Amino acid sequence: MARVTLEIGGSRWPVNCRDGEEAQVQKLGAMIEARWDRAQRAAGDANVARAMLLIALMLADELNDAKSAPPATDDAPLAYVADRLEALAAALEHLPDND
């Protein structure tokens, strides 16, 4: 079993994975890190669990849109996904802090 340490939001997170999957886990960690600042602002800058939940929701929304979108033949579907992600991020920034 391999171990990878992801750096997300200024913290280090050790993660176990199968041998040979280290690069994939690093790539997935980078996807989380790329959304961290926006999620942290929406979470009120203090709640790691809420920020991680918001990142999970962002990724789930992106996956859901990708599954329901017609097969890409040009850049139009990518623009649609980008617009949806921006709209979701804007909505997340306006969520009340329920902690």
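Of the contacts in the chain with a separation of 6 or more, 38% are made by residues 24 or more positions apart, a contact being defined by heavy atoms within 4.5 Å. The model is predicted: local features require pLDDT of at least 70 and side-chain atom pairs count only at pLDDT 80 or more, whereas totals for chains, interfaces and linings use all residues. Residues are numbered from 1 along each chain as its sequence is written, and side-chain values use heavy atoms, with hydrogens and water left out.

The secondary structure consists of three helices and two strands, arranged in the order β-β-α-α-α from the N terminus. These elements are DSSP runs numbered from the N terminus, with helices (H or I) of at least four residues and strands (E) of at least two. The chain has 99 residues, of which 24% are buried. Here, buried denotes under 20% relative accessible area, exposed over 50%, and partly exposed the range in between (1.4 Å probe, protein chains only).

Helix H2 spans residues 48–68. The helix contains 21 residues and extends 30 Å from its first C-alpha to its last, close to the expected 30 Å at 1.5 Å a residue; the expected span is 1.5 Å times one less than the number of residues. The buried residues of H2 are Arg50, Ala51, Leu54, Ile55, Met58, Asp61 and Asp65. These residues lie on the same side of H2, because they cover an arc of only 145° around the axis, the arc being that of the directions from the helix axis to the C-beta atoms. On the face turned away from this buried side, H2 carries the exposed residues Ala49 and Lys67. At the start of the helix, the backbone nitrogen of Ala49 has a side-chain oxygen of Asn47 within 3.1 Å.

When neighbours within four places in sequence are left aside, Asp61 is in contact with Arg84 and Leu88.

Charged side chains were then considered. Side chains of opposite charge can pair when their charged atoms come close. The structure holds six salt bridges, each defined by a side-chain nitrogen of Lys or Arg within 4 Å of a carboxyl oxygen of Asp or Glu. One of them joins Glu7 to Arg12, with the closest N and O atoms 2.8 Å apart. Both partners are exposed: Glu7 has a relative accessibility of 53%, and Arg12 has a relative accessible area of 57%.

A salt bridge is also formed between Glu62 and Arg35, at an N to O distance of 2.6 Å. This pair links distant parts of the chain, since Glu62 lies in helix H2 and Arg35 in helix H1 (residues 22–42), 27 residues apart. Glu62 is classed as partly exposed because its relative accessibility is 24%, while Arg35, at 17%, is classed as buried.

In a further salt bridge, Asp65 pairs with Arg84, the closest N and O atoms lying 3.1 Å apart. Distant parts of the chain are again linked, with Asp65 in helix H2 and Arg84 in helix H3 (residues 76–93), 19 residues apart. Asp65 is buried, with a relative accessible area of 7%, whereas Arg84 is partly exposed, with a value of 30%. Asp61, Asp65 and Arg84 are linked in a network of salt bridges.

The loop between H2 and H3 includes Ala69. This residue has a relative accessible area of 25% and is therefore partly exposed. Ala69 and Tyr80 are separated by 11 residues in sequence and by 9.2 Å in space, C-alpha to C-alpha.

Methods. Polar contact = N/O pair within 3.5 Å; in protein donor to acceptor, adjacent residues only side chain to side chain.
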